[in-house]
Amino acid sequence: MTGAAGHPRCPQEIDRYLAEVTARLPGPRKTRTGIVAELRSGLIDATESHLAAGLGPAQAVQAALGEFGDPGLIADGFLTEVAASQARQVAATLLVSGPLVGLLWLATAMTSHPAIRMAASWRLTTLPAGLGAGIELVAVAVAVTATAGALGIAVTGRLTRWLPAAPRHAPLAAAIAGFGAMGADGLGLGLLAAELAVTQARLPLLLAATAAAASAARLLLARRAACRCLALRASLVAAR
Amino acid sequence: MRAETLKGHLDGILLALLEQGPLHGYAIMEALRVRSGGHVDLPTGTVYPALHRLERAGLVAANWSQAGGRRRRVYQLTPAGKHSLETERGTWRDFSAVVSALLRPAPLAASPS
């Protein structure tokens, strides 16, 4: 067998077939690349099996492609796995990045705001009303992110043996975690702007700028990830 | 036999096919055809995603291996997969015994004297 696309044992028909599967497969690039590589290997095995059974090269390739079926059906079959992979990746990224960004904000707040420094050391203190309410809202957003993120991890890994969940729940949990992260980061940025505008607090500029940049980046990434997860959930619901 | 007929049992069947040793995706599909006497010929779009789902659940482990100039993704049972297979077998034995008993023709009632 000779072939194009730099693969000496992969005929052009198989490359075209896999290009169709790839075009219909959503989700993280690494997951898609792995799936397509495995399908390519399977198609070559199937072709060789048909060659060994006595078919000619062209018929063997056609028989292998026929055995694997419509590229759209193959892509649909992998939708649940791709959605789980995307949801898990989003949830894990949010759960890891959250505490890192949170620490930057905490360091900024403790350096600039004596009341927060005192509250953090468990000394009785009263925060300005607006700041206190803002921090409570951040805590709610963080709790939503952490809970939804943990659920997203739980329903896409080994716990599925004991915790069966409908496939559409994983991207939904990851999307909720994404919206929670957007809320937490947006509130963090809002509180910083309010502090600068109202109290003219003495902020450690480098620390505050780093925290703000990290939150802005996380906000944008969380928004994109949440939208992707919702799109995958919609595809799963439509494919039911 | 269609995929819908095997619904609920595909995971156990795939685990059973891997009981004898590691296999790659296409070899699993061939084993399915051979061991079912040609009665089961599932679409590829069902088998490969099911293998990925089993991997995600930790019931099989998958690794890329290189042999004869070819790269293949090879699946093998994990200890949790072996345990799950035993559970599946027990459940199936109980289920099939009950259904067989229910489907068996009832003995003719003794005619009243």
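Which side chain of chain A meets that of B:R70 in a salt bridge? The partner is A:E48, with N and O 3.4 Å apart. The model examined here is predicted.

The contact between the two chains was considered as a whole. Chain B contributes 24 residues and chain A contributes 28 residues. About 2000 Å² is buried between chain B and chain A. Carbon and sulfur atoms give 52% of that area. On the side of chain B, B:Y26, B:R56 and B:R70 supply 35% of the area buried against chain A.

Salt bridges were then counted. Side chains of opposite charge can pair when their charged atoms come close. Over all chains, the whole structure holds 13 salt bridges. Between chain B and chain A the count is six. One salt bridge pairs A:E67 with B:R33, at 3.0 Å from N to O. This pair crosses between chains. A:E67 sits in helix α3 of chain A, residues 57-68, and B:R33 in helix α2 of chain B, residues 25-35. Another salt bridge links B:R56 to A:E81, with the closest N and O atoms 2.9 Å apart. B:R56 belongs to helix α3 of chain B and A:E81 to helix α5 of chain A, residues 79-112, so this pair also joins two chains.

Helix packing within chain A was examined next. Helix α1 (residues 12-24) and helix α2 (residues 29-52) of chain A have axes that come within 10 Å. They cross at roughly 150°. The angle is over 145 degrees, which means that α1(A) is roughly antiparallel to α2(A). The crossing of α1(A) and α2(A) is right-handed. From α1(A), the contact draws on A:I14, A:D15, A:Y17, A:L18, A:V21 and A:T22. From α2(A), it draws on A:R32, A:V36, A:L39, A:R40, A:L43 and A:T47. By class, this contact of α1(A) with α2(A) has seven nonpolar, two polar and three charged residues.

A second pair in chain A involves α5(A), the helix that carries A:E81. The axes of α5(A) and helix α7 of chain A (residues 129-154) come within 8 Å. Their crossing angle is roughly 140°. α5(A) is therefore oblique to α7(A). The crossing of α5(A) and α7(A) is left-handed. A:R88, A:A91, A:A92, A:L94 and A:L95 represent α5(A) in the contact. They meet A:T145, A:A146, A:G149, A:A150, A:G152 and A:I153 of α7(A). Seven nonpolar, three polar and one charged residue make up the contact of α5(A) with α7(A).

Chain B also has a helix pair to report. Helix α1 (residues 10-17) and helix α3 (residues 44-56) of chain B pack with their axes 10 Å apart. The angle between them is about 80°. α1(B) and α3(B) are therefore roughly perpendicular to each other. B:L10, B:D11, B:L14 and B:L15 make the contact from α1(B). B:T46, B:V47, B:A50, B:L51, B:R53 and B:L54 make it from α3(B). The contact of α1(B) with α3(B) has seven nonpolar residues, one polar residue and two charged residues. Helix α3 of chain B thus packs on α1(B) and also holds B:R56, the partner of A:E81.

Conventions: Residues numbered from 1 in each chain as written. Chains lettered and ligands numbered in written order. Predicted model: local features only at pLDDT ≥ 70, side-chain atom pairs only at ≥ 80, totals over all residues. Heavy atoms only, no water. Axes fitted to C-alpha atoms, helices over the stretch in contact; angles between N-to-C directions. Helix = DSSP H or I, 4+ residues; strand = E, 2+ residues; numbered from the N terminus. Parallel < 35°, antiparallel > 145°, perpendicular 65-115°, else oblique. Left-handed = near helix turned anticlockwise from the far one by under 90°. Contact = heavy atoms within 4.5 Å. Nonpolar A, V, L, I, M, F, W, Y, C, P; charged D, E, K, R; others polar. Buried area = accessible area lost by both parts, 1.4 Å probe. Salt bridge = Lys/Arg side-chain N within 4 Å of Asp/Glu carboxyl O.
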